[in-house]
Amino acid sequence: ATRLLKRKQYAQALDVLNELVPIVEYQQVWHVYLMRARALTGTEDHLHAALDFVKVGVCQGDPELRIEGYEGAAASCEKQGLAVQADTLRERARRIRREMGELGAATGTGRQEEPDTTATKSEETQ
């Protein structure tokens, strides 16, 4: 699938990725959704690309992947003329970056605190 994406053979990459979604391990499915979103972007199916990007943003525990998911979804929304939604998604990516910075600052001082993500989770699950 990666080689097909690099060659810009998006339809073929989608065929492979769609077969992978139900069989890959939970930790890897987010990478598959991310790749599928990129392939959908290549086919100019920005609505479905945004949905796959959002899946990564909402469901993935890895903050870097979540940021990439939200930013990809924002770009897809912009291509559909959905500026307000794009701004909301970019704000979510910025919030994750801030939380990562706060966590880094807390662990740098020897404190082992997690950032408060209660508000983030409740917004994302709406």
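Author: Let us begin with contact, which means heavy atoms within 4.5 Å. In α4, the residues His46, Ala49, Ala50, Phe53, Val54, Val56, Gly57 and Val58 meet a set of residues in α5, including Leu65, Gly69, Tyr70, Ala73 and Lys79. The model is predicted: local features need pLDDT of at least 70, side-chain atom pairs count only at pLDDT 80 or more, and totals for chains, interfaces and linings use all residues. Residues are numbered from 1 along each chain as its sequence is written, and side-chain values use heavy atoms, with hydrogens and water left out.

Reader: How are the helices themselves defined, and how many helices and strands are there in the chain?

Author: Helices (H or I, at least four residues) and strands (E, at least two) are DSSP runs, numbered from the N terminus. The chain has 7 helices and 0 strands, so its elements run α-α-α-α-α-α-α from the N terminus on.

Reader: At what angle do α4 and α5 pack?

Author: Axes are lines fitted to C-alpha atoms, for helices over the stretch in contact, and angles run from 0 to 180 degrees between N-to-C directions. For α4 and α5 the angle is about 155°, and the axes are 7 Å apart. That makes α4 roughly antiparallel to α5; angles under 35 degrees count as roughly parallel, over 145 as roughly antiparallel, 65 to 115 as roughly perpendicular and the rest as oblique. A crossing is left-handed if the near helix is turned anticlockwise from the far one by less than a right angle, and right-handed if clockwise. α4 passes α5 in a left-handed crossing.

Reader: How do α3 and α4 cross?

Author: The axes of α3 and α4 cross at roughly 155° and come within 8 Å. That makes α3 roughly antiparallel to α4, and their crossing is left-handed. Among the α3 residues in this contact are Tyr26, Trp30, Tyr33 and Leu40, and among their partners in α4 are His46, Asp52, Phe53 and Cys59.

Reader: What is the arrangement of α3 and α5?

Author: The axes of α3 and α5 come within 11 Å and cross at roughly 20°. That makes α3 roughly parallel to α5. The contact involves His31, Leu34, Arg38 and Thr41 of α3, together with Leu65, Glu68, Ser76 and Lys79 of α5. This crossing, too, is left-handed.

Reader: Which residues of α4 are buried?

Author: Buried means under 20% relative accessible area, exposed over 50%, and partly exposed in between (1.4 Å probe, protein chains only). In α4 the buried residues are His46, Ala49, Ala50, Asp52, Phe53, Val56 and Gly57. They cover an arc of only 165° around the axis, which puts them on the same side of α4; the arc is that of the directions from the helix axis to the C-beta atoms. Their cover includes α3 (26–42) and α5 (63–79). Over the chain of 126 residues, 36% count as buried.

Reader: How far does α4 reach from its first C-alpha to its last?

Author: The expected span of a helix is 1.5 Å times one less than its number of residues. Helix α4 (residues 46–59) has 14 residues and reaches 20 Å, close to the 20 Å expected.

Reader: What does Asp52 contact, leaving aside its neighbours within four places in sequence?

Author: Asp52 is in contact with Tyr33, Arg36, Ala37 and Leu40 on that count. Asp52 is buried, at 3% relative accessibility. Asp52 and Ala37 are 15 residues apart in sequence, and their C-alpha atoms are 5.3 Å apart in space.

Reader: Does Val54 count as buried or partly exposed?

Author: Val54, in helix α4, counts as partly exposed at 27% relative accessibility. Not counting residues up to four places away in sequence, Val54 touches Gly69, Ala73 and Leu89.

Reader: Which value of phi does Lys8 have?

Author: Lys8 has a positive phi of about 60°, although it is not a glycine. Lys8 sits in the loop between α1 (2–6) and α2 (10–20) and is exposed, with a relative accessible area of 60%. Glu44 also has a positive phi, near 65°, and is a residue other than glycine. Glu44 is in the loop between α3 and α4 and is exposed, at a relative accessible area of 63%.
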